[in-house]
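Here are my notes on this model, point by point. Please read them with the structure open.

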Amino acid sequence: MLTRLSISNYALISSLDITFPDGLVIITGETGAGKSILLGALSLLLGKRADASVFSDNKRNCVVEAEFVDGQGGETILRRVITPAGRSRSFLNDEPVTLAELTAISNRIVDVHEQHQHLLLTDPDFRLEVIDHFAGNGDLLAQYKKVYSEHAALESAVEALERSIVEAERDAEYRQFQLSKLKEARLEPGETEALEAEHRSLAHAEEIRGALEAACSSLNPMDLSVVQLLKDASSRLSRYSDYNPALKPLAERLESCRIEVADIEREIEDISSGIIVRPSRLEEVEERMSLIHTLQRQYGCDSVEALIELRDSLSASIGSAEEQRERLADMRHSLAAMDNTRKELAGRLSERRRAACGPLSAELQADIRSLEMPRAVFQAVVSSREGLTSSGGDSLDFMFSANGSASLRDISKVASGGELSRVMLSLKGLLARYTSLPTMIFDEIDTGVSGRIADKMGDMIGRMGERMQIFAITHLPQIASKKGAHYLVYKEFGPDGTATTGIRRIEGEERVTEVARMLSGSELTHAAVENARELLSKACN
């Protein structure tokens, strides 16, 4: 239940900190005093979007904090802080949480019934929520929603894969043609460089061989071998090195030259013998180079390595298409199994909803008749809808007549505003008996009713207050006089004419005066005061 509410810098509220008891909490006040401001501030904890109009002082933060206590005495503190710049921060027990998390938590703690919420009676989703609460379908519905969500995700994945396969198959023939051409080319990494080097060699083979032969002739001028001459010179110097030591190193150097020249001469001969003028091979190399250049141009590649990468990619994509088809078959099998599970759970939900319709209708009809509609008839009717939704395969109609079953029609087409308010109150009372929601707030649910009807509605709200904490924001004295804690919302004006809203608990004569004001209007009469005393006395007995 809500035990404390603290509001700072919200609309006409500068600062407010108030505590509330369990049971029925009645909130009244003159029109314009600020009853809606309290609810507006509390709604910030329920996830309502905030704007600049919430600030009474645009230089300070707006802070709303509520303290809740559960049946075991556990405490939950929710707080929302909104800066003048419009940024919002949310806290659970002083720990930061997202606004979505704050909303989810607060909606499990408190339910707010605002004016015109009776229009929810025409909302198909709300109707199903009612029957599911009544039937205790929480766990089964959660299981169904999980399977439904997984089925929807898998169905989307199947559709995406089907589109991918169709697109792949549309281009498969062309990609296979590309792959065949690239495979036929038998490309090798580094091939371009090797071909270019070979081409240079083949194109200048005759010139190279002529240069080698000329070099070889230069080493053997006039049939004299330079190698032999160097050997002779080295031998002569060595022969006389004993007589002149300076000759020995010269002889050794000549010998080194001889060895080097002899080695060069052999390499020239080896290279020369390996060079063959081959016009046919040159033509082959040029054709190969031309093929590679053509493929590079056709496929937008700048190297053999890029062509090889494209070839491998095409090969992988063609291979993956078959893998995709196999994966699609597996996914379709899983989807079919999941669909069977989904239908089975939806069927169980439908059975439990249909079984609950009779008891729900009977209980709700009894409550509605107690609100001065003795001939009212209410029937909840489950029917199958085409296809499954996140709520199952059913639709629920609320059939209603205020004058017997002969004129039974959809409630949205036959009920007046006052009748809808009474039906909605009965429905809220029914749900309160079947849910563990600790706090419920009614914001002028009595709109459109008066007199005995209002008194009966007050009795019903009072009975709900015996089982849970009920806040009743009302303008009717019949409800304001019921047994419970009474809070008055008021407006004060400072010396500068600035208005502020406050709230305080009233008892005794002050409460008598407030109920009398609600009975008589602006002019407080003796009869209204006595009537107020009678109403309050009756409620307390």
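1. One cut-off comes first. A residue counts as buried if its relative accessible area is under 20%, and as exposed if that area is over 50%. The model is a predicted one.

2. Take L307 against that cut-off. The relative accessible area of L307 is 0%, so L307 is buried. L307 sits in helix α11, which covers residues 304-369.

3. What does L307 touch, leaving aside residues up to four places away in sequence? The contacts are L182, L187, I292, L295, Q296, Y299 and C301. In sequence, L182 and L307 are 125 residues apart. In space, their C-alpha atoms are 7.5 Å apart.

4. Now the sheet with 6 strands. The sheet is open, and its order is β2-β1-β4-β5-β6-β7. Pairing is antiparallel. Residues 13-19 make up β2 and residues 95-97 make up β7; both strands stand at the edges. Each has a single partner strand, so one side of each lacks a neighbour in the sheet. From one strand to the next, the twist averages 15°.

5. Look at the β1 and β2 pair in that sheet. Strand β1 spans residues 2-10 and pairs with β2 over 6 bridges, in the antiparallel sense. Which residue of β2 stands opposite I7? It is L16.

6. Helix α1, residues 35-44, lies across β1, β2, β4 and β5. Helix α2, residues 99-109, lies across β4, β5, β6 and β7. Here β6 is 88-92. Helix α2 runs at about 135° to β5.

7. There is also an open sheet of 3 strands. Its order is β9-β10-β11, and the pairing is antiparallel. The edges are held by β9 (377-389) and β11 (409-410). Each of these has a single partner strand, so one side of each is left without a neighbour in the sheet.

8. Next, the β9 and β10 pair. How many bridges join β9 to β10? There are 9, and the two strands run antiparallel. Strand β10 covers residues 392-401. T389 stands opposite G392 in β10.

9. Last, a helix on this sheet. Helix α3, residues 124-135, lies across β10 and β11. Its direction is at about 95° to β10.

Note on methods: Residues numbered from 1 in each chain as written. Predicted model: local features only at pLDDT ≥ 70, side-chain atom pairs only at ≥ 80, totals over all residues. Heavy atoms only, no water. Pairing = 2+ DSSP bridges. Helix = DSSP H or I, 4+ residues; strand = E, 2+ residues; numbered from the N terminus. Axes fitted to C-alpha atoms, helices over the stretch in contact; angles between N-to-C directions. Contact = heavy atoms within 4.5 Å. Buried < 20%, exposed > 50% of the residue type's maximum accessible area, 1.4 Å probe, protein only.
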